[in-house]
Structure formats: C-alpha cells, structure tokens
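Dear colleague,

I am handing over the structure below, and my notes on its surface and its charged pairs follow.

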Amino acid sequence: MDKLSLFGLLIAFSGILGGQLLEGGSATVLLQLAAFLIVFGGTLGAVMLQNPWQVFITGIKMARWVFVTPKIDLQGLVYQLTAWSSLARREGVLMLEGQIKTIKDPFVAKGLQLLVDGNSAEKIREVLEVDVNAYESVRWEGARVWEAAAGYSPTIGIMGAVLGLIHVMQTLGEPSKLGAGIAVAFIATLYGVGLANLVFLPIAGKLKMLMMQQLVRREMLIDGLEMIANAENPRFIESKLKGYIS
C-alpha cells in the first residue's frame, strides 16, 4: 500500500475543506449531488467516447497502482541474473531450464526460455523488444485515459455552472434565494477543476512514472540475458546491471 498517495489525497482535500471553514463557509455547501453527477457523469461519458473499450478498461485497472504499487525489485533482478550467469558459465545454459517453472513473471520466463533454447543475443533482444513495445503502448494509452479525464472535467464543470445559473435565472423573482443559488451553481466548476488537478492529473502522472520503472526493469532483463548469451563474466554482468539502480 502506497501510504504517500493516500496521505497526499487526504492533505489535498483537507486543505480545500479547511480553507472553506476558515473563511466562514459551510462544509455542507461543498456537497452538491447534482453538480457531482454533472461533472463525473459528463467526464466519464466523454472519456468512454474517446477511447476504445480495451484501452478504457486498462486505464481503470491501472488506477490501483496509485495505491497498491507493483513491486519492482531491481536489486533482486540483478542478483537473479548474476546467479543465472554463474550457473550457465559453470554448467551450461541448459541447466537454467529447471528455473523456468519457478518464475511467475511471464516476461522473465519467456526471456529465459529463449536463452535456454540457444537463441543468439540479437534474437533474444529482437523478440523481447516486441513485447516491451506492446506493453508500453497499451499502458501508455491507459495512463492517457486519466489525462483525458483531466482535460474534460473543468469544461464540464463550467457547463454545470451554466446549468446552475440558468436555474437561478428562473428564480429572479425571489431575491433571497439568488445568493445561495449562485454559490451552488459554481460548485460544479469547483468539482471540475478540483477533480482534474487533485485526482486525474496526479493519477496520470504517477501511472506514467510507475510504467517507466517497469520498462527499466524489462530493459535490464534483456541486457542481462544478452550478456549471458554472450558468455560474459558474471562479475561484469553484475557491475553493468547495477548501473540501472540509482
């Protein structure tokens, strides 16, 4: 669980609520179901219209990474590749075949299988980079789902405000209700801008960062398997791979 994400979200919304209370406003004024439905529903519909179903679902599923961050153990991968290198150098590449069944990551298992099958370093990179490019393309489009939401929600918030003002104009004969009505109308704008800048954009940014970390891990694996295929010294392999870890 990424506690920093939870803490950041709490701080963001607490700051807005606290500022409202310090200015003498009421917290209940910020709770407007109609405004929320306009902004959330309009944004959701626009994003679904923009993206293919598979991309949309991928983006939604990726959102859990923000709070449950995928484990990316680069140091562990360095040790694993170095151990494989030592075993292959000492007893031959075929001795690594028994390791394949114990690997849970399909990408790692595929790379090791290519190595065991006797493919050259160039062939291993060629095959695995196809997987990397496909992985990057799908996840990148998934992150853009949240960027799209951040682009639409402020505009839809303004639409909600206009709808609210239209309703206020219908009550011009009751001046006592105008102030409260106008305040409620602008809550939709607040929701639109707030969701874009406090939720959607940060989610998109974090997903891109996490995706880049996973791409670094995959590139490290390809480099390691290439060096094993070329029968490089295990110490050299370990030294080079540690360069990925800052």
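Helix 2 (residues 33-50) contributes the largest share of the nonpolar patch, six residues, where helices are DSSP runs of H or I with at least four residues, numbered from the N terminus. The patch covers about 730 Å² and is made by Leu-33, Phe-36, Leu-37, Phe-40, Leu-44, Met-48 and Trp-53; patches take residues with over 30% relative accessible area and no salt bridge, nonpolar side chains being joined within 5 Å. Areas come from the Shrake-Rupley method with a 1.4 Å probe.

Please keep in mind that this is a predicted model, in which local features need pLDDT of at least 70 and side-chain atom pairs count only at pLDDT 80 or more, while totals for chains, interfaces and linings use all residues. Residues are numbered from 1 along each chain as its sequence is written, and side-chain values use heavy atoms, with hydrogens and water left out.

The structure holds ten salt bridges, each a side-chain nitrogen of Lys or Arg within 4 Å of a carboxyl oxygen of Asp or Glu. One of them joins Arg-217 to Asp-105 at 2.9 Å, N to O; Arg-217 lies in helix 8 (residues 178-229) and Asp-105 in the loop between helix 5 (97-100) and helix 6 (106-116), so the pair ties together parts that are 112 residues apart in sequence.

Another salt bridge links the side chains of Arg-125 and Asp-223 (2.5 Å, N to O), and both residues are buried, meaning under 20% relative accessible area. These two also belong to a network of salt bridges with Glu-129, Glu-219 and Glu-226.

Best regards

How values were computed:
Patch = residues over 30% accessible without salt bridge, like charges linked within 9 Å, V, L, I, M, F, W, Y side chains within 5 Å. Helix = DSSP H or I, 4+ residues; strand = E, 2+ residues; numbered from the N terminus. Buried < 20%, exposed > 50% of the residue type's maximum accessible area, 1.4 Å probe, protein only.
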